[in-house]
Each structure stands twice: as C-alpha cells, then as structure tokens.
Number of protein chains: 2
Amino acid sequence: MHVRLLGVDIGGTKCAAAIGCPDGTIEARSEMPTEPHTGPDAITRRLTLMAKNLAASAPGPIGAVGISCGGPLDTQTGMIHSPPNLPGWEAVPIRSMFEEVFPDVPVAVENDANATALAEWRWGAGVGARNMVYLTQGTGIGGGLILDGRLYRGTNDLAGEVGHQTILPEGPICACGKRGCLEALASGPSIARLARESLHYRRGARLVEIAGGTPADITAKHVIEAAREGDPFSKAILEEAGTYLGIGLANIIQILNPELIVLGTIAVHAGDLILESVRKTVAERAWERAWSVCRIVPAQLGDRAQDLAAIAIALDAIGPAGLS
Amino acid sequence: MHVRLLGVDIGGTKCAAAIGCPDGTIEARSEMPTEPHTGPDAITRRLTLMAKNLAASAPGPIGAVGISCGGPLDTQTGMIHSPPNLPGWEAVPIRSMFEEVFPDVPVAVENDANATALAEWRWGAGVGARNMVYLTQGTGIGGGLILDGRLYRGTNDLAGEVGHQTILPEGPICACGKRGCLEALASGPSIARLARESLHYRRGARLVEIAGGTPADITAKHVIEAAREGDPFSKAILEEAGTYLGIGLANIIQILNPELIVLGTIAVHAGDLILESVRKTVAERAWERAWSVCRIVPAQLGDRAQDLAAIAIALDAIGPAGLS
C-alpha cells in the first residue's frame, strides 16, 4: 500500500504542513503565518487544526507524523524548549498535542537541522552516502550528522552543532555567547559584520552603493551581489569567511571522516564565490587521506527542504518495517 | 561454552599476544621486542609463531583474533599502510597472515586508538556509556569514537583523529605537517616544547634542575614532576596545555554531544595537574546544555590497555551472536 506521511514544519515566521510519500514527492501542503506573539497555545491550536484538515483532504490515511522545529528540543519526551525564534515556548509538549489529533500513528519531533540532514540524505545531495555531514550556513550555522547510515543525535539531541566549534579562540563573540565560534565568523550576519568592520579601512567600495549608501545596512546578500559584480573587497570578505568555514570543515573531516559534506543556504546561492576558498583551506587543514574520500557539495532540495525535512522525520518514525 | 579471544598488539618497540575472555580477564600473554629494522617479513613471521604457540598452550580453542596496530590501516582489506612507528610496512596484509595461522576463526585488524576506545568502553572507564569519546594524550593525540553503542570508524578508518583538529590557525607546525593542531599544542612533546620555549623568558626555574640542568633535555615528564613539587612555571605550562585540550574537547562536545570523554596517558598520570584547566575551558567553550550531560574522566585500564585493546577487537569480530 502507498504510505502517506505528514510533515509539520514550525518556524518563527510561518508554519507549514505537507503530505508526502516515501519517494520524496509532496502531494499537498498548507501554510500559515506563525504570529509568534500569539503564544504557543494559540499557535499549536491553529497548527494542529490545519494539519488535521490537510490530512482529511488526503485520498488515504496518514502513516506517520514528523515535526521539524528549531532546537533545543527533546526527541525522547517530544517537548520543545524555548527555541530562539519562538519566545515563550517553554516545555511545549508538541508531540503529545499531535498524538491527540493523530492517535493511531507514530509522531516524532526533531530539530530542523537534523531533519534537513535526513531529507538531503534521502532525496537530495546525500543520496547513497553512508557518512554525511549537513551544514547550513545562513542566519546561524547548524548541522546534522548521518553516520553509518543513520541520524546520530548525541546524548541529549545536541550533536551536530558544528557552528559552535571554536575557530579563533580570541575571535568575536558569537550569538550563543561563546567566543570565536564558526558561526561568529562565517554565518550570514557574520559576513555582513566582517564587511562593515573592514570598511573602516576601505571607504567608497562598490558594496556600500549596493547597500543603498549606508554601511550599517550591509547584509551578506549585498556582499554576495557585489562580489558577483567583481568587487574585489566583497570577494575578499567572502574568501575570508570561506577560509573560516574551511577550517571548521577540516576539523569535521578529521573527527568524523565523512564521505560527503552538504552545505545549505549560502553555498547554494553563492557557491561559486565561496567554495573555492573553502576547499583550498580544507586541503591545507585536513589530512590528504581523509580529504581524498570526501566531497563538499551544495544542498539540492531548495524550496522543498523544509517540507521534506518534516516528512523525513515522519518516514524515520515509521522505520523500514512500516514500509513493507 | 567459554570463548577465548586472542589479541595481538603490534607496536614500534614491542609486540604482544594475549589470550583473554569476554569479561576482560587476561589468561596468558607473550611478548617480543619488535626490532623494526628487521622489517615486516621477519617481524610478522616471529609474531605469528609467537601467537600460534600461545594459542596452542591455551586450555581451549580460540574464538577470534584481534590485531591492534598504529594507523593508517584498512579494516576492510586488513592491510597496514606504513604507520610512523613501523618504517617499511607498506601494504602489509596482516589479516591474511593471521588467517593462515588461524584459518577457522574471524580475524580483524583495527588501529590502536579505536581498539583502546573499545576496550575502555567494554571493561574500563566507559562501561555503560552510549556515546563515548576516547582520547589519548601521549606522544601524539589520537582518539576513538563510540557512538550509539558501537565503534564509529568513518569512511576510510580515519574517524576520531581528534588530535588533528585546528585549535590555533596560526599555531605551531604539527608532526603531521599541518599548523596549529591540538596535538601540536597539548601532546607530551608539545608540552615539553612549550616549556623549553617559555624558558627563554624565565631562567633558573626548578624545572631545569629536574631535567638535569639542560633545558634542551626537558620532557613532559619533567614538567609534570616539577609541577607536582609546586613549581609555578611548570604548573602554568600544564595549565596552558590543558586550556588547548579544553578547546579541543569543547569542539568535540559541540559536534558529538557525548556523555563521556575518557582521557588516556597524561590525564591518567597527572590528572590532578591538568584536568582542572581542561574542565574550566570546556565550561567556557561548550554549551551548558551539552556540557551538563558530559563527564571527563581518566582511562582505567592502565598497563592492561594494549592487550585488552587487541582482545576487544577480537570480541568485536565475533559479534553478539558468536557469544551465545
């Protein structure tokens, strides 16, 4: 029989529910604005109702529900613990809430980086890999680890926080409060900060024009746009961020010896501008024997990544036995 | 029936064979000097003969053979590929050699850091842990990863090379050729080098007396001895090495979220002098949520570690089914 999977993605801006199949096709989806100020009770009420209605419209029953959300959360208890993008969500029993609506099927919750890692591994850039590290380089730098052909979660669901390894012990303070994290050196906001700070010594760069004339308004997007036009200053900024990312990836290669590293967000949109310096640094910083078996590639799922991430969690909750 | 396991440890100075049981007791052992200049043919001939004689003296048959050796090696093909301590061992088919002598039982080969990780996990400091990182801080810094209750080897047997993550991008050159590796900052020889270099600014320290009056002769052992006597200079050197090790362990905690980190060699002999600064740094550099579930402890197997490492590989080769 054809198994249908319900994926629920909870974000700070919008929430979505999607019905998909084990082959990664999406059959139907619904979306709603999160409106985080309305609080977890109201949001989860609207969200479970939306999911229920979507499931009711499907041509067959749902086999499992997967919920993808920013961490920290607890996959054992199914509780969400105050993700930064959802203020007030303290100990929200999201799994129980969905189990009430879908009492006959497995329901699983997973942090969004792990969920996206699973989705890229099942249907995207990671198909066929036994050992894969997924790393998203956007507002923050998060990650997920597929080791020996399955998701590795760690002791309390915190494995894969590759963005918070120390790259420069005396580097800038990170959003997480620690000093010199990879995220503080190579995330989108960090690239923008690097550009703004470096501008003190380089007035009049093309980058400032692109940002509308005000250095304080520079974002990573502007840096990428200027670099694409050939602006040497912006190219150097991306190269510097790529060097930091390369050190972080080399560390991952030394510790985990993966065959594949899948990079989301910035590498997808600006891989041509950043991957060369990433790979150059990895070649300097990782052992040839380990680097020679590893590829670094951009993520492939694009706009479908978030829906498929949640659906991948539903698929994982069924397990291989449930598909037979 | 009582299963007997044969463990073979191949080192640069000596080789040993030991017969042990699944509960970690050692029943008998033989040892021989390696004499590396005699080359792999002669050494493996003596070694297989010694192992055969030892096995013949056992009161019952051998159920499996485990071989522990310095990497690089290939666990799939069973070949040793020129470990630094065994010059001339290029593509030595060590597994086949032992399969000829023990044709009816499984034979497995593993690098010594992974093997010791398995042994500490089965019989030493790691008993009961689901996610454990073993790290040895001696001449070099190597490691082994037990993740989700089993040894994680990586794509080509290079996982766990935690000593070759970059800690200081502009730090000293490591024995491996890369710059600023953890090993280049916190191994035994690195501690000695740190002390010698720092002495340029501090003549007459107690450490120099302990080393026999010649700064060039200082070893990590001298630094530990002087620190134990209360020498502030030597204590500061160990604290600095502990800080670097702490950064490396914090990175491991962020990436792998283990519940246990087992430290061999220096932490066993001088844990009182180094672990405080290690833990202080980890508390600063790792997330509270991940650090709160992780313990850092010295290894427990002591002198038996190398024999039990090889025996653990034999046990792993049998698998749970073979023990019933």
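Between domain 1 and domain 2 of chain A, the contact involves 7 residues of domain 1 and 4 residues of domain 2. The model is a predicted one. On the side of domain 1 of chain A that touches domain 2, strand 5 (73–74) and helix 11 (305–322) each supply at least two residues. That side of domain 1 has 2 nonpolar, 3 polar and 2 charged residues.

The division of chain A behind this contact is as follows. Domain 1 is made of two stretches, 4–111 and 303–322, whereas domain 2 covers 125–300. Taken over C-alpha atoms, the centres of domain 1 and domain 2 of chain A are 28 Å apart.

A helix pair in chain A can be followed next. Helix 5 of chain A (residues 188–199) packs with helix 8 of chain A (residues 232–256), their axes 10 Å apart and the angle between them about 130°. Angles over 145 degrees would count as roughly antiparallel, and 65 to 115 as roughly perpendicular; at about 130°, helix 5 and helix 8 of chain A are therefore oblique to each other. The crossing of helix 5 of chain A past helix 8 of chain A is right-handed.

From helix 5 of chain A, the residues that make the contact are Ile191(A), Leu194(A), Ala195(A) and Ser198(A). Helix 8 of chain A contributes Ser234(A), Ile237(A), Leu238(A), Glu240(A) and Ala241(A). By class, the residues of this contact between helix 5 and helix 8 of chain A are 6 nonpolar, 2 polar and 1 charged.

Methods: Residues numbered from 1 in each chain as written. Chains lettered and ligands numbered in written order. Predicted model: local features only at pLDDT ≥ 70, side-chain atom pairs only at ≥ 80, totals over all residues. Domains from an automatic or database assignment. Contact = placed C-beta atoms within 7 Å. Helix = DSSP H or I, 4+ residues; strand = E, 2+ residues; numbered from the N terminus. Nonpolar A, V, L, I, M, F, W, Y, C, P; charged D, E, K, R; others polar. Axes fitted to C-alpha atoms, helices over the stretch in contact; angles between N-to-C directions. Parallel < 35°, antiparallel > 145°, perpendicular 65-115°, else oblique. Left-handed = near helix turned anticlockwise from the far one by under 90°.
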